[in-house]
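Please keep the sequence and the structure in view while reading.

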Amino acid sequence: MLIFLDTANLEEIRHAARLGVLRGVTTNPSLAAKEGIGGLGSYRVAVQEIARVVDGPISAEVLSTHVQGMVEEGREIATWAPNVVVKIPSTLQGLEAMSTLAREGIRINQTLCFSLNQALLGALAGASFVSPFVGRLDDEGHDGMQLVADMVQVFQKYRITTKVVAASIRHPLHCVAAAKAGADIVTVPYKVLLQMMHHPLTDVGVARFLQDWEKTVKA
Ligand code: E4P
């Protein structure tokens with residue numbers, strides 16, 4: 001399972017890249033707004049900078065809600081960098097835009113996916129990635145990770161090559177469950193990436209090794 005970072009914060013991305021585990025980045029309008037990025041121009045600059053730092057798929061989302069607008073924005077976003085992927089929502093209009101853009105060879109990340117039917121249609125329309133939103137489903141009392149597992153199973157059964165990106169990740173256990181469910185990718189907030197590596201027994205162990213070593217050296 002590959003790890004993407006779900007952020008538009010360059011410092012977080014640079015740090016994750018230094019850790020050697022980062023294979024891609026997902027952004028969305030909310031994440032961009034959080035970083036004070038406003039307008040398509042500054043979104044483009046930010047995405048291009050991210051695309052220089054990370055040698056993997058960088059998802060940038062369209063803002064239009066109608067087919068022609070999504071297609072035009074998608075074509076524009078696809079020119080920002082060779083590794084940019086266009087994020088399109090799981091709507092009927094999005095599906096039509098996805099199929100047009102995919103036929104032009106533009107890679108799509110189908111976002112805001114909440115059902116297996118949406119995922120299947122997106123994959124059939126040519127999406128390279130489909131992102132089931134696990135945390136938001138959990139928030140509504142559904143089992144978000146079950147959708148990931150169902151997608152993995154059905155895509156395997158029909159030899160669909162679209163990658164399953166477990167998204168809307170809230171905590172490290174989501175990453176464990178995504179790996180067990182067979183997700184191709186998990187896209188995690190920076191905080192969750194740090195939590196994945198943290199274990200209190202590791203901290204205690206390091207401190208104890210140092211204490212014991214100091215005692216011997218002083219003795
Ligand atoms: C995925 O690509 C999305 O950007 C993201 O995972 C949304 O997560 P949220 O539910 O925390 O906003």
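The sections below go from the whole chain to single residues.

## Basis of the model

The model is predicted, so local features need pLDDT of at least 70 and side-chain atom pairs count only at pLDDT 80 or more, whereas totals for chains, interfaces and linings use all residues. Residues are numbered from 1 along each chain as its sequence is written, and side-chain values use heavy atoms, with hydrogens and water left out.

## Overall make-up

The protein has eleven helices and eight strands, taken as DSSP runs (H or I of at least four residues for helices, E of at least two for strands) and numbered from the N terminus. Its C-alpha trace spans about 75 × 40 × 30 Å along the principal axes.

Of the 219 residues in the protein, 46% are buried; buried means under 20% relative accessible area, exposed means over 50%, and partly exposed lies in between, with a 1.4 Å probe and protein chains only. Among contacts (heavy atoms within 4.5 Å) between residues at least 6 apart in sequence, 54% join residues at least 24 apart.

## Nonpolar cores

In soluble globular proteins, nonpolar side chains tend to be buried together. A nonpolar core is here a set of buried Ala, Val, Leu, Ile, Met, Phe, Trp, Tyr and Cys residues joined through side-chain atoms within 4.5 Å. The largest nonpolar core has 59 residues, of which L5, I88, I108, V148, V186 and V188 touch the most other members. Helix α8 (residues 144–157) supplies the largest share of this core, with six residues. Leaving aside neighbours within four places in sequence, L5 is in contact with residues that include E12, I13, A16, L22, V25, V188 and L193.

V85 belongs to strand β4 (residues 84–89) and is buried, with a relative accessible area of 0%. Not counting residues up to four places away in sequence, V85 touches P57, I58, S59, A60, R107, I108, N109 and F129. The C-alpha atoms of V85 and I106 are separated by 7.4 Å, although these residues stand 21 residues apart along the chain.

Which residues of α8 are buried? They are G144, M145, L147, V148, M151, V152, V154 and F155, and they pack against β5 (108–113), α6 (116–125), β6 (129–132), α7 (134–139), β7 (163–166) and α9 (172–181). The end C-alpha atoms of α8 are 20 Å apart, which agrees with the 20 Å that its 14 residues should span at 1.5 Å a residue; the expected span is 1.5 Å times one less than the number of residues.

Yet α11 is hardly covered, since the count of buried residues among its 19 residues is zero.

## The largest pocket

About 300 Å³ of space lies in the largest pocket, and of the 21 residues that line this pocket, D6, N28, L31, S168 and P189 are the closest to its centre. A pocket is found on a 1 Å grid over the protein atoms alone, as an open set of points where a 1.4 Å probe fits, with protein on both sides within 12 Å along at least five of seven lines, and lining residues have an atom within 4 Å of a point. Grid points are joined across faces, edges and corners, and the volume is the space filled by probe spheres set on the points.

By class, the lining has six nonpolar, eight polar and seven charged residues; Ala, Val, Leu, Ile, Met, Phe, Trp, Tyr, Cys and Pro count as nonpolar, Asp, Glu, Lys and Arg as charged, and the others, Gly among them, as polar. Both α2 (29–34) and α10 (190–197) supply at least two residues of the lining, and α2 gives the most, with three residues.

## Individual residues

Most residues other than glycine have a negative phi. R159, which is not a glycine, has a positive phi of about 50 degrees; R159 lies in the loop between α8 and β7 and counts as exposed at 74% relative accessibility. L112 likewise has a positive phi, near 50 degrees, but L112 lies in strand β5 and is partly exposed, with a relative accessible area of 29%.

L63 is found in the loop between β3 (58–61) and α4 (67–78) and counts as exposed at 53% relative accessibility. Not counting residues up to four places away in sequence, L63 touches P29, L40 and E73.
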